[in-house]
Amino acid sequence: MWLQRGSITLLTLGLPLLGWALAAHFSTVVYQARQERAFFSVSPEVSADPATTATGADPLVLGRIEIPRIGVAAIVREGEDDTTLAIAVGHITGTARPGESGNMALAGHRDSFFRALREIRHQDTIRIVTPTNSWEYAVDSTAIVNPEDTWVLDPTSDTVLSLVTCYPFNYIGHAPKRFIVRASLVVPGPG
Amino acid sequence: MSRFMNWLAIGVCTALVGFGVATVANAQGVGGTGEKGYINLTEPLDVGGTVLQPGEYNIIVVPGRVDRNMLQVWNIDKTNLLATLLSVPHVEGPSEVRVPNSRYIYYPASEGSPRALRTWFASNTPNSGGHDIVYPKARATELAARVAEPVVAIPDEVKVAEFETAPLVVVTPDKKVVPYKVATIKEPPAKMAQNTPPQRLLPQTASHLPLIAGLGFLSLFGALGMGVLARRFV
């Protein structure tokens, strides 16, 4: 009898947990697809004017990051708060924005958007794409640092891209280190 | 067996509730960052050169360069972007300390022109200062003369796409035009995007999702195992 009760208890515990996880994943997929459509569906001529933003477009979306070799493609959104990182790659506020010179830093969950960064290699191509422009970076280096090492976000004289995610990649919960990918601009956008 | 099915049904219902709650929670979180506010107008209002008719609107700050931000005015459902305008940090010098009773400060209306938004304080960030609205030069000249105070302006022909780089000027009451200097700000009151990151720690980039999913799977496998054992021992 107690086995049956235990089984039912675990069942009523496990199903909501799985339901929650599925819902969160579903929300992320829907957000990415919706913003992809809204942000990139308008023609470049039209999209240059933010007043014509498509219906449903999140005003905080900055563009898309692509790393073709390892299959990373995700919408980039302003901010690095929990909400943003749950649904997109976050642009760390205060660092350079797409098209600006200096150090642009992006943060992503190591268990979703940036999971594939474990396979990143020297000279891999990283693209930042907006409806009107595209910038191409080549990976210079990777590093494992402590969370206090905010120097990786410091402004630089060159135009560079810094990707931040947690390390180790297979850690459960908040990982003790950060994995940094540093890339340099090789193909500037037309703007 | 039918009792087990009843419990199974309850479990599935609970899972659906969890799914629904999580979906709603995630949906509410979207668009929830940064400075934002709401305004209910009972008469037309000029905001940065765009006249808004009576109604309800949302305002969102898009952090810009060091000396300016962009403000977006959306309809109440946030489905239509109605206006994009520039703002500069609101400065409160020693001789003109002004603690706003309201989140909005206006230029008065004149004959043929509605009142205009002068300064906006985001309601969700009470300590980050206000945003002085930037007006097209012609309108700024008119406002400066009316209130006998300088007004920050951009050239009349500037398009939204050029807001980030457009030169800012200050129009004085006697119609002189001088360059806008961000250095006049003693203590930047507004939250600005600056090239000096304010972080003390690099962002945490791990979600609890794998842990939650893992616990869910473990619970289900445990339930399955116990169910099998229960049937074997009955």
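Predicted model: local features only at pLDDT ≥ 70, side-chain atom pairs only at ≥ 80, totals over all residues.
Residues are numbered from 1 along each chain as its sequence is written, and chains are lettered from A and ligands numbered from 1 in the order in which they are written.

Which residues of H3(B) are buried? They are Ile212(B), Gly216(B), Ser219(B), Ala223(B) and Met226(B), where buried means 20 or more other C-beta atoms within 10 Å of the residue's own, with C-beta atoms placed from the backbone. These buried residues pack against helix H1 (2-40) of chain A. An α-helix has 3.6 residues a turn, so residues three or four places apart point the same way.

Staying in chain B, strand E6 (residues 81-89) has 7 of its 9 residues buried, so it is largely enclosed by the rest of the structure. Strand E5 (residues 69-75) of chain B is joined to E6(B) by 6 bridges and runs antiparallel to it, pairing being assigned if DSSP finds at least two bridges between two strands. Leu71(B) stands opposite Leu85(B), and the two strands form a hairpin with 5 residues between them, in whose turn Lys78(B) has a positive phi of about 60 degrees. E6(B) also pairs with strand E9 (residues 130-133) of chain B, in the antiparallel sense over 3 bridges, with Val88(B) opposite Asp132(B).

Turning to the cores, I use nonpolar core for a set of buried Ala, Val, Leu, Ile, Met, Phe, Trp, Tyr and Cys residues joined through C-beta atoms within 7 Å. Of the 58 residues in the largest one, Ile65(A), Leu106(A) and Leu163(A) touch the most other members, and the largest share, 12 residues, comes from H1(A). Apart from this core lies another, of 31 residues, among them Val47(B), Leu86(B), Tyr107(B) and Ala140(B).

Finally, Gly90(A) sits in strand E3 (residues 89-91) of chain A and is buried, with 29 other C-beta atoms within 10 Å.

How values were computed. Helix = DSSP H or I, 4+ residues; strand = E, 2+ residues; numbered from the N terminus. Buried ≥ 20, exposed ≤ 12 C-beta atoms within 10 Å, placed from the backbone. Contact = placed C-beta atoms within 7 Å.
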